[in-house]
Amino acid sequence: MVNYKKGIMLFSIVLFVFILVINIFQPYTADEYNYSIISGTIDEKVSNLIDIVKSQWNLFFTWTGRNLVHFNLQLLLLMGKGVFNFLNAVMFVSLIFLITLFTKITRFNKKEDFLSLVFVLFLVWFGLPAFGETIIWEAGAVNYLWVAVVSLVFLLPYRYLLDGKHLLKDDKKSLAIMVILGLLAGWSQENQAIVNVFVVGSFSLYFWLKVKIRTLPKWYYGGLFSVVLGSGILLLAPGNFNRSSTVDNEFTQSEKFQNFKNGLDLLFYEQRYLFLFLVVVVVALLLMILLRNNIIKSKKTEVYLSVVFILGGSLSVIAMFFSPAFPPRSSFAAGIAFIVSISFIMNSTFLDSLNKRLYNLPLIVLVVLLFNSMIFNFQQYKQLNEEHQNRIEIIKENVKKGNLNVKVPFYQDIKFNIHMFGWDITEDKDHYYNNIMTKYFGLNTIKGVKGDHIETSTSLQIKFDNNLETNTYSAYYDIGKGFNNRHMFGEYIKDSEQVKEIVFPIPEDTVQNLRIQFGKGEYLIQSIAIKKDNKIYKLDPTQIISDFVPSDGIDEYIIVGDFIKLKVNSDDSFLEIEGFNDKLPEF
């Protein structure tokens, strides 16, 4: 006989370890660096609880009402990523079990319990929007995953009270617990707060108007009051209005409507599998309502609960119409509500009456899809971690050498998808993300460059008579594998930087052919030189014209006095030298 209790324990452990390792692989990105600095200061890092309180006080009046959530985030950043990695894995496993518990009270020791957990995991993995951003990324997980877990814990006693089951005693201890949970569930994240208030409000209407119950436990009213209070603090924080007045001015009404439409399109795409199941649930609900007590057996509360969570999730999405932007993560609370609704129906007495063997084949297909996707993304996270650690080493090496203007390679081999997240730095040193990393690491500037990072003492140096125009300037080197986007170095330079020289690192002694790509514009080249160790070999204009052959799209390539005049009409045009190493003297 199969011991499903041990099987479920093993399932929990494997899932915990999987999420834990992925969290270890996931690097910090923009918001983690940003929230490591005291809000309102330029580069003063958070070092104690008082700093966190200062930060949240400033944010409450200037930016957001999510102060309890962001307090937790800054506290976790202060404690170190290892603490978050462990707790986040606990939170994810808790989410799967809580959703299952919403459908039925169980000891998790039956085959049906195991199948329910696997099914919920499938819905969460493929159905939630921006999975990597809301589940794995630290700043996102604390704002969405953790808030959802607290909200489900808060709503659980209300849910079972509908079935006449009392999970809490009607005493002061339970009242205190629900007041605290209600405050946490309300003063959390805007979309989730909407769902929480709607669900508890709908339950209250059910008790007061449908079943005519006027006397409810003290904890019921305490939780109801505190969730409304917390939501009010969240939504009415001065920072929300300050941020709104700033962001709203950036969009016209038609642009806001288009942003909402684009957000819906992305929502339906990212959560397409979830909506397929949701359509099935809606059909099942209609059948249960129309044919109940005649052909189909079902509880009234199953139907009511499923409808309430569908409506609550939908309301949280509709609320985004009033927001200037609608990122996919904003529909996370709706996704959780829809999954709970689907789970109600999948575990209902209606489906219990069907032959359970009908579930076996579809479940096997779901498990195979789930396993393949999880393994693929595990490999991607591992690669992400390796490339990120390479960046950190580059930063440390530059700081050690006293160079505070750092260039790091963009991520090369990462196939980003909804299960992965990485707000990457950009090629523009003045970009918001770049500035955050600059402050965190104590640098002057940092920018992303194209191509592999190579350890070399050889470089190609090009000097110009004029300041360079805003463009991406690249050198491609063929080391016997042809030209490609790995064996190159590309740097974005703005005209405001007033740069007159580009330095391209190139491999030592292995370059067979080399291309230089300038981008559209007119250039006056003073010289091209190759530096190796501390020696420099400089090519004069005549040598440059002789050795570097222009491609199509270069209209002028002539010597004018001591310079070479170059006119480029295509971003893809280049100068190429064949037999690069053979044409250079040994030096």
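Reply: F108 is in the loop between α5 and α6, the latter covering residues 111–127. The model is a predicted one. F108 is not a glycine, yet its phi is positive, at about 55 degrees. With a relative accessibility of 11%, F108 falls under the 20% limit and therefore counts as buried.

Helix α1 is made of residues 4–25 and helix α5 of residues 81–103; their axes come within 8 Å of each other and cross at roughly 140 degrees. An angle over 145 degrees would be needed for roughly antiparallel, so α1 is oblique to α5. The handedness of this crossing is right-handed. On the α1 side the contacts are made by I8, S12, L15, F16, I19, L20, N23 and I24. They meet a set of residues in α5 that includes K81, F84, N85, F86, V93, I96 and F97.

N385, a residue of helix α19 (residues 360–400), touches I24 and F25 when residues up to four places away in sequence are not counted. N385 has a relative accessible area of 16%, which is under 20%, so this asparagine is buried.

Helix α9 takes in residues 145–161 and helix α12 residues 218–236; they pack with their axes 11 Å apart, at an angle of about 135 degrees. That angle makes α9 oblique to α12. The crossing of α9 and α12 is left-handed, whereas that of α1 and α5 is right-handed. From α9, the residues F154, P157, Y158 and L161 meet W219, Y220, G223, L224 and V227 of α12.

F154, Y158, W219 and Y220 belong to a cluster linked by ring pairs, together with Y206, F207, Y221 and Y304. Across the whole structure, a search finds 44 aromatic pairs. One example is F257 with F321: the ring centres are 6.4 Å apart and the planes stand at 80 degrees, which is over 60 degrees, so the pair is edge-to-face. This pair links distant parts of the chain, since F257 is in helix α14 (residues 253–270) and F321 is in the loop between α16 (300–318) and α17 (332–346), 64 residues apart.

The charged end of K45 sits over the ring of Y440, 4.0 Å from the ring centre. R391 lies over the face of Y411, and the distance to the ring centre there is 3.9 Å.

D533 is found in the loop between β8 (521–532) and β9 (535–539). D533 is not a glycine either, and its phi is positive at about 55 degrees. Its relative accessible area is 47%, so D533 is partly exposed, whereas F108 is buried. D495 lies in the loop between β5 (488–493) and β6 (501–505) and is partly exposed, with a relative accessible area of 47%. Apart from neighbours within four places in sequence, D495 is in contact with L468, E469 and T470. D171, in the loop between α9 and α10 (172–186), is partly exposed at 27% relative accessibility. D171 and V142 are 29 residues apart in sequence, and their C-alpha atoms are 31 Å apart in space.

Finally, the whole chain. The protein chain has 21 helices and 13 strands. Its C-alpha trace spans about 95 × 55 × 45 Å along the principal axes. Of its 587 residues, 50% count as buried. Among contacts between residues at least 6 apart in sequence, 75% join residues at least 24 apart.

Notes. Residues are numbered from 1 along each chain as its sequence is written. This is a predicted model: local features need pLDDT of at least 70, side-chain atom pairs count only at pLDDT 80 or more; totals for chains, interfaces and linings use all residues. Side-chain values use heavy atoms; hydrogens and water are left out. Rings of Phe, Tyr and Trp (its six-membered ring) pair if their centres lie within 6.5 Å; planes under 30 degrees apart count as stacked, over 60 as edge-to-face and the rest as tilted. Helices (H or I, at least four residues) and strands (E, at least two) are DSSP runs, numbered from the N terminus. A charge sits over a ring if NZ of Lys or CZ of Arg is within 6 Å of the ring centre and within 35 degrees of the ring normal. Axes are lines fitted to C-alpha atoms, for helices over the stretch in contact, and angles run from 0 to 180 degrees between N-to-C directions. Angles under 35 degrees count as roughly parallel, over 145 as roughly antiparallel, 65 to 115 as roughly perpendicular and the rest as oblique. A crossing is left-handed if the near helix is turned anticlockwise from the far one by less than a right angle, and right-handed if clockwise. Contact means heavy atoms within 4.5 Å. Buried means under 20% relative accessible area, exposed over 50%, partly exposed in between (1.4 Å probe, protein chains only).
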